[in-house]
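Hello, and thanks for passing this one along. Here are my notes, as numbered points you can follow with the structure open beside you.

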Amino acid sequence: MRSESSYGVQSQFDVMVRTRDGVELATDIYRPTEDGDVVEEPLPALLSRTPYNKRGEMERHGEWFAKHGYVVAIQDCRGRFNSGGTFEMFVNEPEDGYDTVEWLADRPYCNDTVGTIGSSYGAWVQSGLATQDPPHLEAMFVNQGPANGREATLRHNGAFELRWLCWALTLGGGFAKRVLADGDLQQHFADIDVRDILAESPLQRGQSPLKHLPKYEEWLFEMLTTGDAEDDLWSAPGINPEAYYDEMADVPTVYSGAWYDSYTLGTCKNFEVLSERQSSDQFLIVGPWTHGWNEYPLSSWNKAYSGEVEFGTHCLRNYQETRLRFFDHYLKGKDTWDEPPVQYFQMGTGDGSRQAEGRLYHGGEWRTAVDWPLPESESVKFYAQPDGSLDRMTPAAVSAGTTYQFDPTDPVPTIGGNCSSYITFEQREESLLEYPLEERHLVNITGSGGYDQRTRPETFGADPPYGPLERRDDVIVFRTRPLTEDLEIAGPIHVTLYASTTAPDTDFTAKLIDEYPPSDEFTDGFALNLTDSICRARYRGNRNESDFVEPGEVHEYEFELYPTANVFREGHQIRLDVSSSNFPRYDVNQNTGEELYGGRSGETAENTLYHDSEYPTHVELPVLSE
């Protein structure tokens with residue numbers, strides 16, 4: 001069904017909301033009108049908080065919901081654009097969000113009920129304010145947000161996701177209030193090519209463009225160099241809402257995301273835990289898309305492809321209409337929402353044909369469920385074998401291992417995946433007066449979504465001769481025999497690696513791949529990445545504190561890849577790639593055991609992966625049917 005708008009809109013810009021510590025936050029208010037007059041009847045309100053400027057695309061979201069009978073408040077986060085105070089990533093968002101919800105509920109045009117919306121950073125702030133349990137918060141639609149920033153999305157099993165460094169130099173620092181007020185400084189940020197900074201990394205304090213923004217540099221380096229869980233940074237509600245699940249507002253909530261989103265793990269985990277703890281209705285919607293937070297009107301839900309793979313137009317969902325139906329039901333009591341608790345897109349039922357722009361048709365279909373992980377899934381282990389195969393039998397060999405050299409100056413390049421904000425401003429000769437920063441295209445450095453795992457000239461960090469990643473000496477590949485029947489998986493993915501190293505600290509990576517056989521249209525086949533992860537040795541086993549390894553000693557590295565849902569078709573092969581880097585998705589371990597980030601001297605580590613009866617390296621898949 002499609003709702004037709006029936007109201008006009010009145011806008012009031014930069015209404016200042018005073019927070020508990022006196023800082024004023026600039027807020028645009030959109031109210032419905034009838035026959036040119038503002039509707040005086042108190043109505044439900046929707047709140048969206050953003051660091052990306054409440055005007056432009058965000059303005060259109062406000063107008064759209066106001067036309068459908070909501071009061072809408074869109075607010076610049078503290079220290080951003082027209083709001084007062086100092087921006088410190090995630091620090092003040094819980095309290096500022098609480099204060100704004102209660103301020104909004106107290107307006108005469110609000111009927112005491114407030115819902116929240118937002119994606120990406122706009123999802124962080126929703127989960128943050130929910131930890132404070134505002135009395136008038138009644139519903140949330142959290143699109144592509146976190147659960148625990150240390151475990152995934154900021155750090156990842158000890159490694160740092162370098163998207164935040166890219167973000168700090170572009171969408172963060174590039175639109176800082178000081179930069180926007182200083183034309184020369186703004187031009188300086190516009191001229192930054194983040195690829196150059198990544199290539200010359202690690203970044204040093206006081207030696208980057210962020211030296212002009214001390215607060216931005218401070219929080220970036222705090223995240224880069226802080227790994228232990230006990231540090232106050234990782235226990236704050238704005239960064240780790242998972243730690244506050246018991247205090248979380250118990251309101252109807254949709255957690256939505258995508259299989260190739262950078263927040264997939266947090267999205268699924270929030271639903272998994274809170275659907276058990278909360279008495280209110282909780283929902284999970286996961287499509288095959290990538291990260292997308294500000295594309296009016298459909299967000300990332302309007303794309304039938306991710307990277308180099310197509311899924312078909314049947315994967316599309318109307319983002320605005322879905323949110324409207326949810327809020328109409330839970331804030332207005334309308335009969336507009338009768339959705340199952342879980343809706344997910346099962347990828348992989350396509351025929352592998354070549355589509356527009358050379359994309360591979362991976363296909364898929366929507367499925368529903370009552371719970372996540374799916375109760376009917378069976379956890380099946382696939383073991384790495386000495387001959388490079390992958391099967392369900394525990395290795396018979398008494399002793400077997402594969403040794404490779406991990407050189408931190410030559411890391412394995414990132415080719416797509418669960419990536420977002422690995423961006424740089426396009427380099428142009430025009431000045432800001434001729435081509436403003438907000439109009440400049442953002443160049444994607446890593447790619448996002450599913451890609452054939454082979455380097456090409458545009459692959460960041462790759463050198464000729466280009467070709468499949470599996471040809472690298474530091475990528476260890478295990479694959480099943482061609483499947484004799486389809487095998488479906490849906491749910492969390494775990495890997496257990498047994499490995500030793502000559503270094504006091506190193507990294508191990510794992511990547512799950514759906515390997516297409518050669519065809520007339522893809523003569524070399526297609527190695528489609530589904531999900532990946534990384535584990536830093538000093539934080540193996542989800543350690544809270546740094547614990548270096550003894551060189552030469554075999555250790556277990558158990559970690560969770562991002563969840564996914566896929567059909568491995570008959571004739572395909574399930575493949576597991578193991579290595580020690582994935583750059584620039586994650587920062588590169590220098591193998592020295594020095595500080596987590598910033599050391600300039602690296603050493604080549606000799607890493608050995610074991611795959612025998614005593615040390616059975618394996619991947620654990622949630623199998624549905626075969």
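**Notes on the predicted model**

1. Strands β12 and β13 are paired in the antiparallel sense, over 2 bridges. They belong to an open sheet of 3 strands with the order β12-β13-β15, and the pairing in that sheet is mixed. Because β12 and β15 (360-361) stand at the edges with a single partner strand each, one side of each is left without a neighbour in the sheet.

2. Strand β1 (residues 8-18) pairs with strand β2 (residues 24-34) in the antiparallel sense, over 9 bridges. Val 17 has Leu 25 in β2 as its bridge partner. Between the strands of this hairpin there are 5 residues, and Gly 22 takes a positive phi near 90°.

3. Most residues other than glycine have a negative phi. Asp 14 is partly exposed, at a relative accessible area of 30%. Asp 14 is also linked with Asp 28, Lys 54, Arg 55 and Asp 76 in a network of salt bridges.

4. Thr 153 is another residue other than glycine with a positive phi, here near 100°. Thr 153 sits in the loop between β7 (137-143) and β8 (155-156). Is Thr 153 buried or exposed? Thr 153 is buried, with a relative accessible area of 1%.

5. Now to the charged pairs. The count of salt bridges comes to 43. In one of them, Arg 456 pairs with Glu 308, and the closest N and O atoms are 2.6 Å apart. Arg 456 is in the loop between β21 (442-444) and β22 (476-479), while Glu 308 is in the loop between β12 (305-306) and β13 (309-310), so the pair ties together parts that are 148 residues apart in sequence. Arg 456 is buried, with a relative accessible area of 15%, whereas Glu 308 is partly exposed at 22%.

6. The loop between β21 and β22 also holds Arg 472, which forms a salt bridge with Asp 410. The closest N and O atoms of that pair are 3.7 Å apart. Asp 410 lies in the loop between β19 (401-406) and β20 (423-425), and the two residues are 62 residues apart, linking distant parts of the chain. Asp 410 is partly exposed, with a relative accessible area of 36%.

7. Where does the partner of Glu 470 lie? Glu 470 forms a salt bridge with Arg 575, with the closest N and O atoms 3.5 Å apart. Glu 470 is in the loop between β21 and β22, and Arg 575 is in strand β27 (residues 573-579), 105 residues apart. Glu 470 counts as partly exposed at 31% relative accessibility, while Arg 575 counts as buried at 1%.

8. On the surface, a patch of negative charge gathers Glu 34, Asp 35, Asp 37, Glu 40 and Glu 41. Glu 41 is found in the loop between β3 (37-38) and β4 (43-50). Glu 41 is exposed, with a relative accessible area of 54%.

9. Helix α4 (residues 163-172) is mostly covered, with 10 of its 10 residues buried. Among them are Arg 163, Trp 164 and Trp 167.

10. Finally, two cis peptide bonds. The bond from Ser 201 to Pro 202 is cis, with omega near 10°, and Pro 202 is placed in the loop between α7 (194-199) and α8 (214-225). The bond from Phe 583 to Pro 584 is cis as well, with omega near 15°, and Pro 584 is placed in the loop between β27 and β28. That loop also holds Gln 590, which counts as partly exposed at 22% relative accessibility. Gln 590 and Pro 202 are 388 residues apart in sequence and 9.9 Å apart in space, C-alpha to C-alpha.

Note on methods
Residues are numbered from 1 along each chain as its sequence is written. This is a predicted model: local features need pLDDT of at least 70, side-chain atom pairs count only at pLDDT 80 or more; totals for chains, interfaces and linings use all residues. Side-chain values use heavy atoms; hydrogens and water are left out. Patches are made of residues with over 30% relative accessible area and no salt bridge: like charges are joined within 9 Å, nonpolar side chains (Val, Leu, Ile, Met, Phe, Trp, Tyr) within 5 Å. Accessible areas come from the Shrake-Rupley method with a 1.4 Å probe; for residues, only the protein chains shown count as cover. A salt bridge is a side-chain nitrogen of Lys or Arg within 4 Å of a carboxyl oxygen of Asp or Glu. Lys and Arg count as positive and Asp and Glu as negative; His and the chain ends are not counted. The place of a charge is taken as NZ of Lys, CZ of Arg, CG of Asp or CD of Glu. Helices (H or I, at least four residues) and strands (E, at least two) are DSSP runs, numbered from the N terminus. Buried means under 20% relative accessible area, exposed over 50%, partly exposed in between (1.4 Å probe, protein chains only). Two strands pair if DSSP finds at least two bridges between them.
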